[in-house]
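Please look over the structure shown below before reading the notes on two of its regions.

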Amino acid sequence: MSRKSRYNQDLLLQKVIQWKAGCYVRLSKEDKEYTDSSQSVLAQKQMIEKFLRGHSDIELYDYFVDDGYSGTDMERPEFQRLKQAFEDGVINCIIIKDLSRLARNDEESGKYIFIIFPFYNIRFISVNDHVDSYERPESVNNLEISFKNIMHSEYSRDLSKKVISASNVRRKRGEFLGAFCSYGYKKDPLDFHHLIIDEEPAEIVRYIFKRYLESQNIYAISQELSENGVMTPLEYKKSKGENLFIPGKKINVSFWKDSTVKRILTNEVYTGCLVQGKRRKISYKSKKIIETNEDEWIKVENTHEAIIPQSMFDEVQRLIRQNYRSHSLPTFRNVFAGKLFCGQCSSAMSVINSSQKVNRYYFVCKVAYKKKGLCEAKRMRVEQVEAIVLAVLNNYLRLCSDLIALKQKLLDKKMKEEEKLRKRKVKRLSKQQKLQIEKTELYAKYKEGHLTLEEYLGEKERIEIAIQSLNVPTDNSDDDSAPECVQSKDSLLSDFVSNKYFNKVTKELLDAFVDRIDVYATDRIEITLKFADEIGETLKYISESSEEGTSEERTAI
């Protein structure tokens, strides 16, 4: 029977497959400002449409357009919709103008092109780069793709520097570059980079400064504003149609916080001085924002009309510093700060001292404490929270210590087994090489007339059978894809596992092991621990290693 041509089979398969394409288009704000019109949304669509006209086997499903989103941001809304489409099997082909449209982050680009798209059997096409993972697989699996991804990433880094530099120049000129104005101001409709007074909230700002000079009591001011029904800055901005979102809030907090009042009292913008650059991204690849040092701030005076006279502002700052110093020696250090939250409304919990007993402290929900009826949370003794958290952490540490010991034992066993396999493999290869040499010499003997044809063929068959029997089986001895263990050098866990027991909750201990703690009205506490993923991977590794060991023992020769 004649063999079927693999080439003909491939052609038949190509005719059968119907490609449904999601065409992805992206344009960042920087692209609009710093590149030519060839990168526009329209230009990208026109290029993709021209490509589709020459490929009748590809059917357009939809365009996915992210206009105004950076290529370093992988949470782009339309990109997420595209991702959902191929995960659901709605599309099996993705087309882009060039690789920079997918992402300007070499790690993320590589992850999608080399791992995620192949996993979902996605045909990936980059028109300008002549990349087609189906028609030309070699166009994807080469160094040029990785090199271009790195170049696009470097372009973003360089562009980020230019944008930051240009923005700082504008800030130094006194131009306002923020998305939202401080409470009491609004953007000038004739110039969005200039602030003008918003009279309604400006009156509240003046009242706050005046009341503080009279009472020097921030708590009393916040209570008074709440009781009088004055809209908070957040509520006021929302009432004006500004699209604000505060993550982690389960309820709409409609009362004034002490921190809000203090922030207004210490904001220099009310003197006509524009202060910008207080925060920055840690990297062009990350959304994480960090606070900058005061010497990095950009201050420009007299950029807009003042709401508060400079003399009044200076006096308020003097009184705030004075009051802070008089209360700067607390008798209780809250090591749970930033970790403890109300399970009912997600607000941070504060510490209060009992009015009946000295040095008896309670954790209370800020919302429930200041505005009754908005949250049903109850207070809980600090000692009670400490005891529960300490017990959980000690159990967790014992578990981690046991897992690390067991994982190390399995790793040692695996290394010994792999060493045996390696030696066996070397031995087999050595025998194969000797047989190959013998086979070569056998042919030479036949040519020289020392062996008959029958003798030569018989010996040759014997040697080939011996070589075939020595073929080294495929093993996973070089596999380095085992999951990270909990004793990873990159984790803080390894610094603590030697401790079998802790007798006190410290800030260092909480920072190392706890993401957050939620306290509920029923005296229930939920602790979200760090390293949960590592623990899960380690348990999975231990389970799989144990099963493999049992299987190997049963099939051992």
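The report that follows takes up a strand group and then a pair of helices.

This is a predicted model, in which local features need pLDDT of at least 70 and side-chain atom pairs count only at pLDDT 80 or more, while totals for chains, interfaces and linings use all residues. Residues are numbered from 1 along each chain as its sequence is written, and side-chain values use heavy atoms, with hydrogens and water left out.

Strands and helices are DSSP runs numbered from the N terminus, a strand (E) having at least two residues and a helix (H or I) at least four; two strands pair if DSSP finds at least two bridges between them. The table lists the pairings of strand E4 (residues 123-126).

| Partner of E4 | Direction | Bridges | Residue pair |
|---|---|---|---|
| E3 (residues 93-96) | parallel | four | Ile95 with Ile125 |

E4 and E5 form a hairpin with four residues between them, and His130 in the turn has a positive phi of about 55°. In a regular strand the side chains alternate between the two faces of the sheet. Within E4, Arg123 and Ile125 point one way and Phe124 and Ser126 the other, and all are buried (under 20% relative accessible area, with a 1.4 Å probe and protein chains only).

Helix H14 (residues 382-447) packs against helix H15 (residues 453-469) at an angle of about 170°, with their axes 10 Å apart; the axes are lines fitted to C-alpha atoms over the stretch in contact, and angles run from 0 to 180 degrees between N-to-C directions. The two helices, H14 and H15, are therefore roughly antiparallel (an angle over 145 degrees).

How values were computed: Angles under 35 degrees count as roughly parallel, over 145 as roughly antiparallel, 65 to 115 as roughly perpendicular and the rest as oblique. Buried means under 20% relative accessible area, exposed over 50%, partly exposed in between (1.4 Å probe, protein chains only).
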